[in-house]
Amino acid sequence: MNWRVLGHITLVVVLSLLQISLISSLPIPFNSINIILVTLLFLLLFDDLAMLLSWLVISGFVLSIFSYLPFGLAIIALWITILFCYFLFYQVLTNRSLYSLLILVVIANFLNQLTLHILLWLNKVFTGQSYYLVMNFSWFKNIFISTALDVLAMICIFYLMHFLNPRLKPFLLLKK
Amino acid sequence: MIKHSTKPIVVSGGVLLLLIFLHQIGALNSIETVLARVLKPVLSLSYGAGTNIRNLWSAQTDRRDWQAEAGNLGEKVNSLTVENANLKQLEEENLVLRKQLAFVNSKKKKFVVANILASGDANLVNQQVVLDKGRRAGLFPGLAVLSDSGQVVGKILTVDEETARICLINQSDCQFAASMQGGNKTSGVVKGDLGLTIKMELIPQTEDIKIGEIVVTSGLEKNILRGQVLGQVAEVNKENNALWQVAKIESLIDLSSLSIVSIILP
């Protein structure tokens, strides 16, 4: 195993641990940031589906070990969301700009939450337990806040990577 | 249209399904246990760091309310001091009686102290909390979880070898048989309401519930000791044409600020 792969695995695991523990303990509304989703969406820029899905599987596995959700549901929701966003990014938007990524963040947040709720409901139905699929104003408000924070996180990551790594510049369309 | 290989999608889908299948049959238990044991200290540290940030944030935003609350608490401390003195007297008498009847000392119970590793998504109604102790520490489903001040904050739902998942008392799937402090029979059922409030249901119309009364566990449930504090009555809804009364219960602590909990083992 080469150092690059090891570095990737370490980074994925660290991000997953931060999501599970640090971010979940932050004050409301900052505890609704989904750093894993934002990072995976950022990786769409690199057009390496194998790497993207590897990151997804590893982070999903770590999240599932410590998550209160039934094993696998979070990974499946993330997998569906990221694949949909991959299709949108390369077949519909086809523009590797910050604005495309921000549109994807909005869509991905809503899709991820909706998919997770549906999977949880299906899981509870098949296991005989009750589950409240509550999609009221509060639910939409929480998604809006989560999306706004993820958009901010994406902007920060985008400009940080642009600043740190000049080789990325051709990939990132910026106004001069 | 840009064409992309579907092989990574198929492979990743296959790996996901394999992981879920292996988890269900228990083949991944040893890997999950080792990973949990290795990563727990890191999780505990980062959750603690996040809690400190949250406390700092709360300190800044709640400063205005603290002065008023400090005044109220001062009066409460005075009355509780007197009550405490009376209770200590009763406790001493109780110990003497128990010795005389050859009872086992009820205060010497085995405790397990656990750190919170992760808590749930604010957007999910039935959110749970993950603790860093599990089956290996002697935990099992159905045990009550207490805060550092001794109030019941939740119940263990599921346990793994190294971790446990608990529901908080304000969650809908968390219920306790309860009674009023000083009462000797079950008065109702305390359960959470969509993660927002706690209510006590199935209270007989003949029960006289007063605002401010302390609600405790009734001892009806196996593995949960009698007399553990659940909260304080904040509101009573008593309608003459209803079969039962419903009371709104207020927790005496902030459930979102928990970082260390304890579990009494029977």
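At 22% relative accessibility, B:E201 counts as partly exposed, where buried means under 20% relative accessible area, exposed over 50%, and partly exposed in between (1.4 Å probe, protein chains only). B:E201 forms a salt bridge with B:K199, and the closest N and O atoms of the two are 3.3 Å apart; a salt bridge is a side-chain nitrogen of Lys or Arg within 4 Å of a carboxyl oxygen of Asp or Glu. B:K199 is also partly exposed, with a relative accessible area of 24%. The structure is a predicted model, in which local features need pLDDT of at least 70 and side-chain atom pairs count only at pLDDT 80 or more, while totals for chains, interfaces and linings use all residues. Residues are numbered from 1 along each chain as its sequence is written, chains are lettered from A and ligands numbered from 1 in the order in which they are written, and side-chain values use heavy atoms, with hydrogens and water left out.

Over all chains, the count comes to eight salt bridges. Side chains of opposite charge can pair when their charged atoms come close. B:E162 takes part in a salt bridge with B:R37, with the closest N and O atoms 3.0 Å apart. Because B:E162 lies in the loop between β4 (152-159) and β5 (164-168) of chain B and B:R37 in helix α2 (residues 29-61) of chain B, this pair ties together parts that are 125 residues apart in sequence. Helices (H or I, at least four residues) and strands (E, at least two) are DSSP runs, numbered from the N terminus. B:E162 is buried at 4% relative accessibility, whereas B:R37 is partly exposed at 43%. A salt bridge also joins the side chains of B:E162 and B:K40 (2.8 Å, N to O). That pair links distant parts of the chain, B:E162 in the loop between β4 and β5 and B:K40 in helix α2 of chain B, 122 residues apart. B:K40 has a relative accessible area of 13% and is buried. Through shared partners, salt bridges join B:R37, B:K40, B:R136 and B:E162 into one network.

Most residues other than glycine have a negative phi. B:L202, although not a glycine, has a positive phi of about 55°. This residue is placed in strand β8 (residues 197-204) of chain B and is partly exposed, with a relative accessible area of 42%. B:N223, likewise not a glycine, has a positive phi of about 75°. B:N223 is located in the loop between β9 (214-217) and β10 (229-237) of chain B and is partly exposed, at a relative accessible area of 28%.

In chain A, the axes of helix α1 (residues 3-22) and helix α2 (residues 35-42) come within 9 Å and cross at roughly 145°. Axes are lines fitted to C-alpha atoms, for helices over the stretch in contact, and angles run from 0 to 180 degrees between N-to-C directions. The contact (heavy atoms within 4.5 Å) is made by A:L15, A:S16 and A:Q19 of α1 and by A:I35, A:I36 and A:T39 of α2.
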